[in-house]
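Hi,

Here is the structure I promised to pass on. Have a look at it first, and my notes on what turned up follow below.

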Amino acid sequence: MGEQLGLLKVKVVLGRRLVIRDFKTSDPYVVLKLGNQTAKTKVINSCLNPVWNEELSFSLREPVGVLSLEVFDKDRFKADDKMGHAHLNLQPIASAARLKQFAKVSSGETILRKVVPDTDNCLARESSISCINGEVVQSVWLRLCAVESGEIELKIKLIDPPVASSK
C-alpha cells in the first residue's frame, strides 16, 4: 500500500425514500467499503427514511480509491435483500486536502472545491468540499443505483495523518 493520506471519517447520516423490501416497509442498514476495509451501520427496523447518525472510520492511502456503499434490508430467515448501491470517488477530497496544506488554510471556513454529479460518482446534487477550522469536510447526497428510489446522506471528514517527529 502507498502513502497514508489520513483518517477518513464517514458519518452515515440518513436515508430518504428507500425502497420497500418487506411487506410494507424495510429494515435497512448500510455497508461501506474502501479497498479491503469494510464497516456497517446498525439496522433501523421498519423504516424507509432511517436516521443512523453513525460515524465509521477508514484509513485513506494512495492510490486513492472509491468509497462503495450498499444498502440492505435485514431479513431474519433468508438472505438480506439489496436496497441499492452507490459509490463516491475520493480523489476530489484527497486533492482538496493537499490544496489545504499548500494554501495553509487553518481557521474559519473556506470552500476548497465543488463536485458536480457525473458518471464518476452517484451524487444526487452538487457537493462542496470545505476546510472548516483546519478539517477537510464534504457533505454528500448519493443516489442509490439499481433501485426505483433512494438517497443516502453522508458527511465525510479527512483528518491529516499524524506528523512523525524528527529527532
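Strand 2 (residues 28–34) is largely enclosed by the rest of the structure, because 6 of its 7 residues are buried. Keep in mind throughout that this is a predicted model. Who are the partners of strand 2? One is strand 5 (residues 66–73), joined to strand 2 by 7 bridges and running antiparallel to it. If you want a residue pair to click on, Tyr29 has Phe72 in strand 5 as its bridge partner. Another is strand 3 (residues 37–40), which pairs with strand 2 over 4 bridges, again in the antiparallel sense. There, Leu32 sits opposite Ala39 of strand 3. Strands 2 and 3 make a hairpin with 2 residues between them, and Gly35 in that turn has a positive phi of about 60°.

One of the pairs to look at is Trp141, whose bridge partner in strand 10 is Glu153.

A polar atom of the Asn89 side chain lies 2.8 Å from the backbone nitrogen of Gln91. Setting aside neighbours within four places in sequence, Asn89 also contacts Gly65, Val66 and Asp120.

On to the charges: how many salt bridges are there? The count comes to 13. Among them is the one between Glu151 and Arg17, with N to O at 3.7 Å. That pair links distant parts of the chain: Glu151 is in strand 10 and Arg17 in the loop between strand 1 and strand 2, 134 residues apart. Is Glu151 buried or exposed? It counts as buried, because its relative accessibility is 5% and the cut-off for buried is under 20%. Arg17, at 44%, counts as partly exposed.

Glu151 also forms a salt bridge with Arg125, the closest N and O atoms being 3.4 Å apart. Arg125 lies in the loop between strand 7 and strand 8 and Glu151 in strand 10, so this pair ties together parts 26 residues apart in sequence. Arg125 is partly exposed, with a relative accessible area of 34%. Put together, Arg17, Arg125 and Glu151 are linked in a network of salt bridges.

One more salt bridge for your list is Lys78 with Asp75, at 3.2 Å from N to O. Lys78 is exposed at 52% relative accessible area, whereas Asp75 counts as buried at 11%.

That's what I have so far. Over to you!

Cheers

Key
Residues are numbered from 1 along each chain as its sequence is written. This is a predicted model: local features need pLDDT of at least 70, side-chain atom pairs count only at pLDDT 80 or more; totals for chains, interfaces and linings use all residues. Side-chain values use heavy atoms; hydrogens and water are left out. Two strands pair if DSSP finds at least two bridges between them. Buried means under 20% relative accessible area, exposed over 50%, partly exposed in between (1.4 Å probe, protein chains only). A polar contact is a pair of N or O atoms within 3.5 Å; within protein, one must be able to donate a hydrogen and the other to accept it, and residues adjacent in sequence count only if both atoms are side-chain atoms. Contact means heavy atoms within 4.5 Å. A salt bridge is a side-chain nitrogen of Lys or Arg within 4 Å of a carboxyl oxygen of Asp or Glu.
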